[in-house]
Amino acid sequence: MITGRRLVAELAILGGLILVLAALGPFGSYATPLGPRLLHWALYLVTGYAFFRPVIAAGSALARQTGMSRLVAIAVACVFGAFPTSIIFVFAAAGPAWRSVTASDLAGAYLQTLVVGATVTIVQLLAGRGAVPADTAPAPSATPLPDPQPTATVDAAQGEAAPALLDQLPPHLRGPILCLENEDHYVRVHTALGSALVLIRMRDAVGQLEGHGARVHRSWWVARRAVAGAVRQDRNWKLRLVDGREVPVARASVPDLRALGWLGDEPPAA
């Protein structure tokens, strides 16, 4: 869910961009008087904001599924998201004269919508970069690790290896670490109690947990004790964790994980 501070930051940046576009008058809008031009860009960006706000979530999901860079995945989501949005804008503006809409009209609307959508997405990314990184979210399940004393596991196995990483989590989330997920300049630490963003490089976070898991993907590190099994889809593998989460495995990591026993029928060795 969006926080109040994040929403205020996004709307503030959006308001500034509306003023800039109204002043510059791109796409031939400069010939329009300032008042109507300002209203035009305000309506366009606010509407685009409503339509394009889910783009980052869609891009993040695409990155997790395909392994591509999150920023590239977000850009792809923008390109595809502009299609339905531009069609709605064109035909809504045409009204009863919708039959007169040409391919040139659609192409122009698509380009303009893509610019607006990219602008809105940049607004979200800029606002998110300034947000407090302890953006917590519940894990899909609070299923305990398959260890008779999970709390002791954290203290004995992970507490000594990564005290700094654990200290950056909210107190109510300092449970057994299941996996790490890279999100731009942050790492989302997933524990058995939930998840939180930590401002740290992925390689530094993984270095703190050395010996307690493996980097299975460019964007994922998984704790050895969190692996419940593996799922294969054609040539692609995913690790199934104890909380029900499925984590993608990079093809280059398959031999090493198979050697560790993570992709076999037996659970990974403790």
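In the predicted model, L260 is partly exposed, with a relative accessibility of 46%. This residue belongs to helix α9, which covers residues 254-260.

The mean pLDDT of the chain is 75, and 79% of the residues reach a score of at least 70. Among the elements, strand β5 (residues 220-223) has the highest mean pLDDT, at 94, while helix α6 (residues 150-158) has the lowest, at 39. Over residues 130-163 the pLDDT remains under 50. For this stretch the model has 61 contacts beyond four places in sequence. A further stretch with pLDDT below 50 covers residues 265-270, and here the model has nine contacts beyond near neighbours in sequence. Where pLDDT is low, the predicted coordinates should not be read in detail.

Strand β1 (residues 177-183) is paired with two other strands. Six of the seven residues of β1 are buried, so the strand is largely enclosed by the rest of the structure. On one pairing, β1 runs antiparallel to strand β2 (residues 186-191), and six bridges join the two. Within this pair, I177 is placed opposite T191 of β2. The two strands form a hairpin with two residues between them, and D184 in the turn has a positive phi of about 55°. The other pairing is with β5, to which β1 is joined by three bridges, again in an antiparallel arrangement. In that pair, E181 stands opposite W220 of β5.

Strand β6 (residues 227-233) runs antiparallel to β7 and is joined to it by six bridges. Q233 has N236 of β7 as its bridge partner. The hairpin of β6 and β7 has two residues between the strands. D234 is located in the loop between β6 and β7, and its phi is near 60°, a positive value in a residue other than glycine. D234 is exposed because its relative accessible area is 72%, which lies over the 50% cut-off.

Strand β7 is also joined to strand β8 (residues 246-249), by four bridges and in an antiparallel arrangement. W237 is found opposite V249 of β8. These two strands form a hairpin with four residues between them. In this turn, G244 has a positive phi of about 90°.

The count of salt bridges comes to three. One of them links E183 and R188, whose closest N and O atoms are 3.0 Å apart. E183 and R188 are both buried. Another salt bridge joins the side chains of R245 and D243, with an N to O distance of 3.0 Å. R245 has a relative accessibility of 13% and therefore counts as buried, the cut-off being under 20%. D243 is likewise buried, with a relative accessibility of 4%. The side chains of R201 and D204 also meet in a salt bridge, at 2.9 Å from N to O. R201 is partly exposed, with a relative accessible area of 48%, and D204 is partly exposed as well, at 31%.

W98 lies in the loop between helix α4 (70-94) and helix α5 (103-129). The relative accessible area of W98 is 42%, so this residue is classed as partly exposed.

How values were computed: Residues are numbered from 1 along each chain as its sequence is written. This is a predicted model: local features need pLDDT of at least 70, side-chain atom pairs count only at pLDDT 80 or more; totals for chains, interfaces and linings use all residues. Side-chain values use heavy atoms; hydrogens and water are left out. pLDDT is the predictor's confidence in each residue, from 0 to 100. Contact means heavy atoms within 4.5 Å. Buried means under 20% relative accessible area, exposed over 50%, partly exposed in between (1.4 Å probe, protein chains only). Two strands pair if DSSP finds at least two bridges between them. A salt bridge is a side-chain nitrogen of Lys or Arg within 4 Å of a carboxyl oxygen of Asp or Glu.
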